[in-house]
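Work through the exercises below with the sequence and the model at hand. Each task is followed by a solution in steps.

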Amino acid sequence: MALFVATLSAELAVRALAYAPSSELLWFVNLKMFGIFQRSYYMLSDLLGIQNFQLLGIALPIFLLACYGLAARRRFPLALASNLSFGYAALLLFSWQSPGAPTTQASLGSIAVPSGAGFYVLTGILGTSLVSFAISHLLYLRAARSEI
């Protein structure tokens, strides 16, 4: 749900900015808070070129799969949605990396992450999807162990 809400909010911020391009608040929200979605949009548009693909092609199907798993009380669709959401959160983190050539230096700063509000949005998405990922795996292993 957190992934879907964040993606929907990013899309709504872009739409609102199109209607009010002089709004400083909307520019802040679009560039600082949801900049991770903008970078992943550019990365995905180079591959696919489909409008609103992050929302309609990734976040909405994952959300619907999770809703189906909850409503039908099925573990597999819920676990699959959890794994896919963690994969999409990892894609968001990966898209934040600079497209430059890799260096041969040893460095502790190998992963570039956004700062400020964008960092909090990315941390929230990664944190919730990681918790969901871990819980779904633990519940699946517990159910498999009880069947054995």
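Buried means under 20% relative accessible area, exposed means over 50%, and partly exposed lies in between (1.4 Å probe, protein chains only). This is a predicted model, in which local features need pLDDT of at least 70, side-chain atom pairs count only at pLDDT 80 or more, and totals for chains, interfaces and linings use all residues. Residues are numbered from 1 along each chain as its sequence is written, and side-chain values use heavy atoms, with hydrogens and water left out.

**Exercise 1.** Find the aromatic pairs and state how their rings are arranged.

Solution. Rings of Phe, Tyr and Trp (its six-membered ring) pair if their centres lie within 6.5 Å; planes under 30 degrees apart count as stacked, over 60 as edge-to-face and the rest as tilted. The structure has two aromatic pairs. In one, Phe4 and Phe63 are stacked, with 4.6 Å centre to centre and 10 degrees between the planes. Phe4 is in helix α1 (residues 2-19) and Phe63 in helix α4 (residues 53-72), so this pair ties together parts 59 residues apart in sequence. Phe4 has a relative accessible area of 16% and is therefore buried.

Phe86 and Phe133 have ring centres 4.7 Å apart and planes at 25 degrees, so they too are stacked. Phe86 sits in helix α5 (residues 75-95) and Phe133 in helix α6 (residues 117-147), 47 residues apart, and the pair links these distant parts of the chain. Phe86, at 25% relative accessibility, is partly exposed. Phe133 is partly exposed as well, at 27%.

**Exercise 2.** Where does Leu47 lie, and is it buried or exposed?

Solution. Leu47 is part of helix α3 (residues 35-47). With a relative accessible area of 67%, Leu47 is exposed.

Key:
Helix = DSSP H or I, 4+ residues; strand = E, 2+ residues; numbered from the N terminus.
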